[in-house]
Amino acid sequence: MTDELRVAPGGALRGEIDVPGDKSISHRAVMFGALAEGKTRIERFLPGQDCLSTIDCFRRLGIVIEQLSPTDVVVQGKGLRGLTEPSDILDVGNSGTTLRLMAGILAGQPFFSVLTGDSSIRRRPMGRVTAPLTAMGAVIRGRDGGRLAPIAIDGAASALKPLTYSSPVASAQVKSALLLAGLYTEGETAVREPYASRDHTERMLTAFGAKLQVAQEPEGAYCATITGFPDLRGQVITVPGDISSAAFFLVAATIVPGSAVLLRHVGMNPTRDGVIEVLQAMGAKIRSENERMEAGEPVADLYVESASLRGTVVSGGQIPRLIDEIPILAVAALFAEGRTEFRDAAELRVKETDRIATVAAELRKFGACVEEREDGMIIEGGRPLQGATVESHGDHRIAMAMAVAALQAAGETVIHGASCMDVSFPGFARYLASLRS
Ligand code: S3P
């Protein structure tokens, strides 16, 4: 089987897409469902590779999970104390969310477990999670002094106590890992971050019955506090469409002249909607319709038409609200008049790939002018693009961003290693083709 996607330019995008379920929310629905008493039903679950890794890990921990269809999942929760010792390592594949959040959960279990993943996962920083978990009393060993996976968690030797922790990075994975460990402490665990990262854990754990308080603090800082040993009860969760997946079509319809696309069921959580704010500031025509709440999350349909863009600056507290959308926003910047600058985004260097390096390297192959900075990049827009042969580097969002750039490049583009799109957006190429026919 060839692992490449060929994209030819030309043709407006028209039609509508029911945006596949949110990756972050799908992971959490499985995890919290497993830790709750009774049945959790998940509708519009994202059957991407990452979320399937989460299901696999919980099955290995003794939880019965049925997939009635790819997007319809039932988790038979066994309560906070219901997990059992896995007989083998837990493999998270490419999923950083599974790795970090599981570390928090496993620190609270009275048994031994080992977490590992693919070569990308084994390069990603774990010290940001293992150091505060160790401060809570967890006994964790790993490569490089616990800073890299595989990591081994000796739950039997751990005695967790509550912690008040200020994270140097705004990271929902760090925050969630510590809040989940906090479920297994007598007392209150508080996590402060410099800016609010996505708050799906706080919203969903509250819906499951946890006692959780959140506070917006001066200068954008944010603090979430959880009380240990709640009674969690199974829920019915309808997963909103993933705004990070919708973003590829928001940009595609904006840059391809004559396009008009309706994206249905998009999650509009204010900790995630930075991509819309930035695209609108650049001149994009995006209208939000039919706004509603589902499973404690705001949802809307987005109507997007092609538009001319101008450059902008993206920085500071905006960054956590669009961290996963920077590769596709970099593509939008190629079609904007003037320069676009991404600052304060050093976190990009520790994602599935070093996304500053991979975005810059691959976009240059189209003839783009991209300057790398330690914490971001500067892009000069308005240059004509040439179709190119590009690499995904095994990074789903790089592969999809390149497919969108290819829509407006002269000549065919070949994307090598395109199957990694399945990590977060199974069927991406089919959805794109459906708007072009
Ligand atoms: C995620 C949090 C973000 C994001 C990732 C998913 C989550 O990472 O980049 O794709 O589900 O919690 P950080 O919280 O580490 O920035």
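The side chain of Ser158 reaches the backbone nitrogen of Val139 at 2.9 Å, a polar contact (a pair of N or O atoms within 3.5 Å; within protein, one must be able to donate a hydrogen and the other to accept it, and residues adjacent in sequence count only if both atoms are side-chain atoms). This is a predicted model, in which local features need pLDDT of at least 70 and side-chain atom pairs count only at pLDDT 80 or more, while totals for chains, interfaces and linings use all residues. Residues are numbered from 1 along each chain as its sequence is written, and side-chain values use heavy atoms, with hydrogens and water left out.

- Ser158 sits in the loop between S9 and S10; strands are DSSP runs of E with at least two residues, helices are runs of H or I with at least four, and both are numbered from the N terminus.
- Ser158 counts as buried because its relative accessible area is 14% (buried means under 20%, exposed over 50%, partly exposed in between, with a 1.4 Å probe and protein chains only).
- Leaving aside neighbours within four places in sequence, Ser158 is in contact (heavy atoms within 4.5 Å) with Ala107, Gly137, Ala138 and Val139.
- Ala159 belongs to the loop between strand S9 (148-154) and strand S10 (164-166).
- Ala159 is exposed, because its relative accessibility is 56%.
- Not counting residues up to four places away in sequence, Ala159 touches Met136 and Gly137.
- From Ala159 to Cys369 there are 210 residues in sequence and 53 Å in space, C-alpha to C-alpha.

- Look for Asn269 in the loop between strand S15 (260-267) and helix H9 (274-281).
- With a relative accessible area of 2%, Asn269 is buried.
- The side chains of Asn269 and Asp199 are joined by a polar contact of 2.8 Å.
- Asn269 also touches His200, Arg203, Glu297 and Pro298, not counting residues up to four places away in sequence.

**Helices that cross**

- Helix H1 (residues 23-35) and helix H7 (residues 200-208) have axes that come within 10 Å and cross at roughly 35 degrees; axes are lines fitted to C-alpha atoms, for helices over the stretch in contact, and angles run from 0 to 180 degrees between N-to-C directions.
- On the H1 side the contact uses Ser24, Ile25, Arg28, Ala29, Phe32 and Gly33, and on the H7 side His200, Thr201, Met204, Leu205 and Phe208.
- The axes of helix H10 (residues 326-334) and helix H11 (residues 355-365) also come within 10 Å and cross at roughly 35 degrees, and H10 passes H11 in a right-handed crossing.
- Here Pro327, Ala330, Val331 and Leu334 of H10 meet Arg355, Val359 and Leu363 of H11.

**A covered helix**

- In helix H12 (residues 396-406), 11 of the 11 residues are buried, including His396, Arg397 and Ile398.
- Asp395 caps the N-terminal end of H12, with a side-chain oxygen 3.1 Å from the backbone nitrogen of Arg397.

**The chain as a whole**

- UniProt lists residues 8-430 as "domain: Enolpyruvate transferase" in an unreviewed entry.
- Over residues 8-430 the chain is 30% helix and 29% strand, and the end C-alpha atoms are 14 Å apart.

Technical notes. Left-handed = near helix turned anticlockwise from the far one by under 90°. UniProt positions renumbered as here; feature names shortened; annotations may be inferred.
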